[in-house]
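Hi,

Here is the structure I promised to pass on to you. Please open it beside this email, and my notes on what was found follow below.

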Amino acid sequence: MDRHQGQRCRCPHGPRCTRGPRHGGPAAAALDTHVRAFPMDAEEQALWRACGMNPVSLESDVTTLLTCLHYILPGRPVVSHHAALSALLPPQDDADRISDLPEELLRNIVSRLSAKDGARTAALSCRWRSVWLSIPLVLVDADLLPAGRGSGLQVARADGRRVASAITRILEAHQGPFHFVHLISCYMQETPGLLARWLQLLAVKGVRELFLVNRPWPLNLALPATFFGMATLTRLYLGAFGFPDTAGLPRAVAFPHLRELGLCCMAIQNRDMNFVLARSPVLEILCIQANILLKCLTLVSRSLRCVQIIEGIDLNIDVKDAPHLERLIIWTSSARDGLHRRLKIGHAPALSMLGYLEPARHVLEIGNTTIKAGTRASHSTIVPSIKILSLRVCFGIRYDDKMLPSFLRCFPNVERLHLESNEAHEPTGKLNTKCWKEAGPIECIQSNIKLMIFYAFRGEWNELSFLKFFLENARMLTKLVIVFCKGSFSSMTEANSKVKPLFAAKWASQDCVLQLFESALEVADDKWLLNFETGSDFSTRDPFACTAALQGCNI
């Protein structure tokens with residue numbers, strides 16, 4: 001089907017996956033992609049048409065991608081939009097008791113207001129003005145939009161210009177520091193030089209957390225060099241920009257306090273990514289959505305603890321030297337040429353969580369060994385630290401079926417296994433339990449897995465064959481959760497009939513409980529509702545068990 005028709009994609013979720021959230025579903029309601037949030041002007045349309053692209057299709061795809069970007073962005077600090085400065089006063093008493101409150105209490109009050117309301121308190125008196133100017137500022141540009149006139153996603157160009165003017169006034173007036181700055185509502189290309197000015201002011205006045213997203217035409221709008229002056233940053237999310245060239249930058253340029261970095265729809269070269277990692281000595285969390293230009297993510301960092309990727313495009317990953325890395329989460333990935341991409345695990349002794357690995361998309365390398373069908377477990381082919389593993393497999397596709405046992409043998413100490421069954425783009429063969437037994441012993445299944453969650457169950461023969469093999473060999477298993485997508489079966493009675501053959505198998509664990517659960521999402525809708533927050537929260541033991549597809553399921 002022609003890509004401009006926008007009906008199907010070839011992502012790992014199978015042939016029923018659409019190029020955008022289904023109308024009327026939970027994903028569409030959350031993302032609201034039916035609006036033209038990022039319209040091109042006539043000049044931009046002519047430019048893309050001259051390049052052989054369909055502007056209508058491109059605009060639709062970019063709107064979907066950037067709508068997901070806005071959804072992915074972590075939440076902002078909570079401020080009050082309905083606060084009222086008042087006090088209980090006796091009748092006919094017009095004394096200003098609020099202004100008589102201690103300075104620290106006044107600062108606490110104003111810090112809970114939006115930037116717009118906080119600035120308004122300066123009109124009350126000279127004392128209030130000094131309070132607003134002295135608190136660490138929380139600036140969210142969406143709060144500056146006229147009431148009832150759009151949101152951070154939908155912004156008229158005239159409103160965007162007014163917001164940009166207000167931002168400039170605030171950045172110039174406030175002495176800093178800026179605790180949190182969230183700029184996603186402005187059309188950066190309309191005001192040449194303004195973005196550089198903003199970044200310079202933020203650098204001078206000590207910005208700590210910055211979320212900066214372009215609206216997105218032109219797609220290659222580059223961040224100005226003043227970006228590298230923000231040495232006070234602790235948290236940074238960038239979206240829909242071209243990353244500035246790092247070649248020739250002074251050795252002193254660094255982000256010494258940066259602990260969390262998100263790059264969403266960013267055009268960044270391999271060498272520039274390496275530069276950022278090398279100059280961020282305390283970076284713990286790295287999040288990437290829809291990488292552009294970046295073809296190989298090489299992880300060399302003594303501080304990184306968590307790396308998350310949503311829609312890794314043609315991306316090779318080399319975990320070269322990351323002694324404190326605990327989580328490597330690849331939520332989704334794609335390869336436009338259909339070729340496999342390398343995932344190499346080198347020195348990562350603390351790595352305890354890995355996924356989603358896909359035999360159809362990934363070549364797994366451990367050390368200097370490439371894992372192939374039939375690879376046996378040895379000291380050089382295992383990662384014993386992994387406790388939580390996620391895999392995405394097309395059962396019945398011969399290559400996937402042969403690679404699955406080899407992948408599992410590489411992680412002998414896995415205790416939680418998440419396995420997603422993808423619908424194949426091509427006809428599949430049939431495998432029986434005997435075929436799985438011929439693959440040989442798999443230590444994690446026999447000795448360690450306590451929980452398995454099997455996603456997107458369709459009741460197909462090949463799925464049941466694997467599940468029987470698993471139940472007959474998993475001696476430590478205490479719970480098997482089988483999740484089927486909304487609409488897969490006509491009723492729960494039909495769903496129960498599909499798993500009935502599993503009870504004919506001789507289960508290795510007498511303590512195992514099987515739970516059958518219907519997801520509120522249809523096939524592949526979960527990929528539109530991914531975000532980085534649960535994966536980056538180290539208090540969440542298993543982020544794979546906290547996805548939208550499992551909402552309401554008691555794990």
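L293 sits in the loop between β6 (285-289) and β7 (296-300). Keep in mind as you look that this is a predicted model. The phi of L293 is near 80°, a positive value in a residue other than glycine. L293 counts as partly exposed, at 41% relative accessibility. A second residue of this kind is A456, with a positive phi near 60°. You will find A456 in the loop between β19 (451-455) and α13 (461-473), and with a relative accessible area of 14% it is buried. I point these out because most residues other than glycine have a negative phi, and most peptide bonds are trans.

One joins G176 and P177, with omega at about 0°; P177 belongs to the loop between α7 (157-173) and β2 (178-183). Another joins G355 and Y356, where omega is about -5°. Y356 is part of strand β14 (residues 353-357).

Which residues does S352 touch, leaving aside its neighbours within four places in sequence? They are E326, S385, I386, K387 and I388. S352 itself lies in the loop between β13 (341-347) and β14 and is partly exposed, with a relative accessible area of 25%. From S352 to E326 the C-alpha distance is 5.3 Å, although 26 residues separate them in sequence.

E326 also has a salt bridge with R305, the closest N and O atoms being 2.8 Å apart. E326 is in the loop between β10 (316-321) and β11 (327-330), and R305 is in the loop between β7 and β8 (306-310), so the pair ties together parts that are 21 residues apart in sequence. Relative accessibility is 23% for E326, which counts as partly exposed, and 24% for R305, which is also partly exposed.

The count of salt bridges comes to 18. One of them links R259 and E284, with 3.4 Å between the closest N and O atoms. R259 lies in the loop between β4 (235-239) and β5, while E284 lies in the loop between α9 and β6, so this pair connects parts that are 25 residues apart in sequence. Then there is the salt bridge of R416 and D542, at 2.9 Å from N to O. R416 is in strand β18 (residues 416-421) and D542 in the segment after α15 (533-536), so the pair ties together parts 126 residues apart in sequence. Both R416 and D542 are buried. Elsewhere, salt bridges that share partners join K295, D314, R336, D337 and R341 into one network.

Now for the strands around β15 (residues 362-366). 4 of its 5 residues are buried, so β15 is largely enclosed by the rest of the structure. β15 pairs with β13 in the parallel sense over 5 bridges, and R342 stands opposite V363 in β15. With β16 (residues 369-370), β15 runs antiparallel, joined by 2 bridges; here I366 stands opposite T369. The hairpin of β15 and β16 has 2 residues between the strands, and in it G367 takes a positive phi near 65°.

Finally, have a look at helix α9 (residues 270-278), where D272, M273, F275, V276 and L277 are buried. The buried residues of α9 pack against β5 (260-264), β6 and β7.

Enjoy exploring!

Best wishes

Key
Residues numbered from 1 in each chain as written. Predicted model: local features only at pLDDT ≥ 70, side-chain atom pairs only at ≥ 80, totals over all residues. Heavy atoms only, no water. Buried < 20%, exposed > 50% of the residue type's maximum accessible area, 1.4 Å probe, protein only. Contact = heavy atoms within 4.5 Å. Pairing = 2+ DSSP bridges. Salt bridge = Lys/Arg side-chain N within 4 Å of Asp/Glu carboxyl O.
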